[in-house]
Amino acid sequence: MKRLTKSSGNDGILIKSHTLQGYAHPIIDMSYLDPYIFNDDVKDNETNVQLFDNETNVHFFNDEETQVCHERYVREKKSENDTECPKEELKSESCFKETLQRESVLKSTITPECDHNKGYDTAEKKSINKTHKQINWTEYHRLSVIHSFLDDLEYDFPSICTVGVIGNSIEGRKLKILKVSNSNASNSAVWMDAGIHAREWIAPAVATYISDHIVRNFATLPTSMTNKDWYFHPVVNPDGYEYSHTVDRMWRKNRAWFGGQCVGVDLNRNFSYGWGGKGSSDNPTNAFYRGQVPFSEPESCAMRDILYKSGIPFQVYITLHSYGQVILFPFAYRDELCPDYVRLLEGATVMSKAIYESSGNTYKVGISRDVMYGASGTSNDWSYGKAGIPYCYLIELTSKKHRFRLPKEEIEETGRAILNCVKALMDHIDNKSKNDNDNN
Ligand SMILES: [Zn+2]
């Protein structure tokens, strides 16, 4: 637990620590806020409750304030051309509050009458929860329900769950991720994303199914599952996802504008590795439009920043799509086999076998050229080729029969099968690295 350090003045600013971590983009050093951070357990400690009671100007930041402050910091960091670091500017409490005032969110939030014993937002959060629909896997959910589901997991399992926002979509929707971790320093990291293509509704449903299972069963999961830090990004393309719910069920791309109209960029052709090649288009109205330049879109940039620039040791990258019942691994942009073809093929085979044993469904494995079609500028190629993640897989979920419109009655079965496939892969990877170590 960190102690409150009152560096100057009378006002202390307390930030609920897991909220801060949630919004702290991994590449941004927010250590300058450390003196003002308390861990959640501080509220349960009697001494600290007293300390809070004596602090008349202590304020718990809510999520919105934390995010606004953080986003301002990111903007300043981006526009920073000289040596004057905004970090310094924000170091003092007064500047920090000034930042919030400029963003017009402070208003009456710093009040002398905070109810510290109750905590920052318990009552508020509970009332919000009541208005949200509970998630299940018997139907497809809108973005707000999925995002609330992530928040609820964090709320119910604060010791292992952290929700973060890694950016905003073109239309300003949050790019929300969930981290699940026992905070063991030796953990490697696993990334799972879904919904990069709007109409592939089964993908976000499976990602939430798997995250829910891991969180709720964490205590009884095998070590190969709990010695990983899990990062779930269930709706990579939130604008497109909502558009596919409200306007055009078959919408695929994001909601980028070009030439005075919203044409959309295929986010899975917008990554830099092999960008511009076959299986993508420079025609904005084409379904595979790759964008004007690599990483032209905020949704792909957000993924680039966390997967490549954060320093998180990702060992596995899994991206969920539909449909096709195939498990693909790099490369999709060229015909030549990648140097780790055998290792990737082994992992894919283990996954396919687990799906078959779980559901009876057959998933083909291989590279795009062989089992689907070539594609360039994909997140999967980039994660392997540029970000250097050893195990990178794209799973095209079911079904060939219903195409993108998988009946909701088949969501749970699909979720179960892919969960088992992920478990099998983790087990395989750990066994493989153990054998490798034994042989060395
Ligand atoms: Zn897709």
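Start by selecting Pro 238, Asp 239, Gly 240, Tyr 241, Glu 242, Tyr 243 and Ser 244: these are the buried residues of helix 10. Buried here describes a residue with 20 or more other C-beta atoms within 10 Å of its own, the C-beta atoms being placed from the backbone. Helices (H or I, at least four residues) and strands (E, at least two) are DSSP runs, numbered from the N terminus.

Before moving on, a word about what is on screen. This is a predicted model, in which local features need pLDDT of at least 70, side-chain atom pairs count only at pLDDT 80 or more, and totals for chains, interfaces and linings use all residues. Residue numbers start from 1 along each chain as its sequence is written.

Now show helix 10 whole, residues 238-246: seven of its nine residues are buried, leaving the helix mostly covered.

Eight strands form an open, mixed sheet in the order 4-5-7-6-10-13-11-12; strands count as paired if DSSP finds at least two bridges between them. At its edges you will find strand 4 (161-168) and strand 12 (364-366), each pairing on one side only.

Zoom in on strand 6 (188-194) and strand 7 (228-233), a parallel pair with six bridges. Here Ala 189 stands opposite Asp 229 of strand 7.

- Helix 11 (298-308) lies across strands 4, 5, 6 and 10 (314-322), at about 130° to strand 4.
- Helix 12 (341-359) lies across strand 11 (326-328), strand 12 and strand 13 (391-397), at about 170° to strand 12.

Such angles run from 0 to 180 degrees between N-to-C directions, with axes fitted as lines to C-alpha atoms, for helices over the stretch in contact.

For the last stop, select helix 8 (202-216) and helix 15 (411-439), which pack at about 60° with axes 9 Å apart.

Finally, zoom out: the chain has 15 helices and 13 strands, and 44% of its 440 residues count as buried.

Definitions and conventions
A residue is buried if 20 or more other C-beta atoms lie within 10 Å of its own, exposed if 12 or fewer, and partly exposed in between; C-beta atoms are placed from the backbone. Two residues are in contact if their C-beta atoms, placed from the backbone, lie within 7 Å.
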